[in-house]
Amino acid sequence: MIVIDPARNPQQYYDFAAQHDADIVGVIETHPHADFVSSHLDIHQTTGATIYTSKLTGAEYPHESFDDGDVVRLNDIELKAINTPGHSPDSICILVEDEAGREQALFTGDTLFVGDVGRPDLREDVGNITAKKEELARQMYHSTRDKLMKLPHSIVVYPAHGPGSLCGKNISPDLQSTIGREIRENYALQLMSEFEFVDKIIADQPFIPKYFGSDVELNKKGAPGYSASLERVVKVTDSPVLEKNALVIDTRPNHEFLKGHKPGAINLQDGERFETWLGSIVSPNEKFYLVGDSEDSLDRIIEKAAKIGYERNIIAAIASPVYPEWPIREFNLPRFKTNPEKYTVVDVRNPKETEGGLMFEGALVIPLPELRERVSEIPDDKPIVVHCAAGYRSAAAASIIAAEITSVPVLDLSEAVLEIGAPPKR
């Protein structure tokens, strides 16, 4: 068995191999990933499996190069490398041929997704080889036209990501496709000039989380073992004295956070994309305390942090702490709707969401990933109302603002019920 682009926790691959009485003999990395930490080195150290990756990666872990013309034989199939720069300068795809030489499947990494291609703007400053996004977009044009689109239309396409990944902007919910379907339906594979392609691919890409560059470098080196790294996280179940000025990430539900929390804490609730928002708000070199509402939930959150390598940043993980209760004041929603000019409204949605217009005229637009660095732009002469689209981001944003601005109320419009700006009563 060979594993391609493995996630941080390798146990699922060991379990699958055991179920099928298989040995893991190889790991293939299609490129150094930006959006998650891979377990390729961990699997190699545990099983002895050979790691294959492009020589352009500059890998610092034991490996064999895997580039155009290279073949790995696995029982009765062959895996062939195809260099496909575009998402990164060192991207490869893996073409699978059966014993009769028929091309059956293509593992495309982040080069070709269902409905999209990989974004070209993540390797301008990191990695063994850097390149401007325009140059990588041009390379993507030729990788798709000169190589992938010339393959048989029946070949099944298996990309590294489905929807939700920030490595593309238009990824379909489908987890597999065919070359023929992508040629028909993928906007990036339609007839257009190289110039048109570059403009189209560069435009409207999502934000780049703070951790992306760090994960590229970590994957190039090889991450520490998953289980051992989790075991090193310090866990406490009381309310310890924290290091002065240390960052606190409180993952409890917002209604629990509002009842009482460490002054200055950020309410980043446990959710489906927790690790993405953690790595968007917190820099990869920042240490922090992690707070959860139970030991079980805390274990789950630590595992999510480990997906992006942030388990190493946790000073201590604190389960079910007891904090003094904070005063609660009702958000007078009718008054706000009647006199919105008496409030400073902060819209923390992303640029793509706000380009069609604002919900409140005159709102100050600061996307959540930029908020900690831009709080000083928010005036403190009026109560502050924060909103996003669904409430998750505004809860985090309101806590970030309230930690810095204490002279006026900071209100979360998405919840529309509570104030969190006042200090706790002693």
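**Exercise 1.** In this predicted model, determine in which sense strands β8 and β11 pair, and over how many bridges.

*Solution.* Step 1: locate the two strands; β8 covers residues 103-109 and β11 covers residues 156-159. Step 2: read their relative direction, which is parallel, with four bridges between them. Step 3: find a residue pair across the two strands; P159 in β11 lies opposite G109. The open sheet has six strands in the order β5-β6-β7-β8-β11-β12, and its pairing is mixed. Its edges are β5 (71-74) and β12 (177-178), each of which pairs on one side only.

**Exercise 2.** Identify the residues with the most contacts inside the largest nonpolar core.

*Solution.* Step 1: take the core itself, which has 54 residues; I249 and L371 have the most contacts inside it. Step 2: ask which element supplies the largest share; helix α14 (residues 392-404) does, with six residues. Step 3: list the contacts of L371 beyond four places in sequence, namely V348, I366, I378, A397, I400 and I401. Step 4: note that another core, of 19 residues, lies apart from this one and includes L95, L148, V157 and I179.

**Exercise 3.** Decide whether N350 is buried or exposed.

*Solution.* Step 1: locate N350, which sits in the loop between β18 (344-347) and α12 (351-354). Step 2: compare its relative accessible area with the cut-off. The value is 16%, and buried means under 20%; therefore N350 is buried. Step 3: name the residues that N350 touches, leaving out those up to four places away in sequence: F207, W277, P367, P369 and R393.

Conventions. Residues are numbered from 1 along each chain as its sequence is written. This is a predicted model: local features need pLDDT of at least 70, side-chain atom pairs count only at pLDDT 80 or more; totals for chains, interfaces and linings use all residues. Side-chain values use heavy atoms; hydrogens and water are left out. A nonpolar core is a set of buried Ala, Val, Leu, Ile, Met, Phe, Trp, Tyr and Cys residues joined through side-chain atoms within 4.5 Å. Buried means under 20% relative accessible area, exposed over 50%, partly exposed in between (1.4 Å probe, protein chains only). Contact means heavy atoms within 4.5 Å. Two strands pair if DSSP finds at least two bridges between them.
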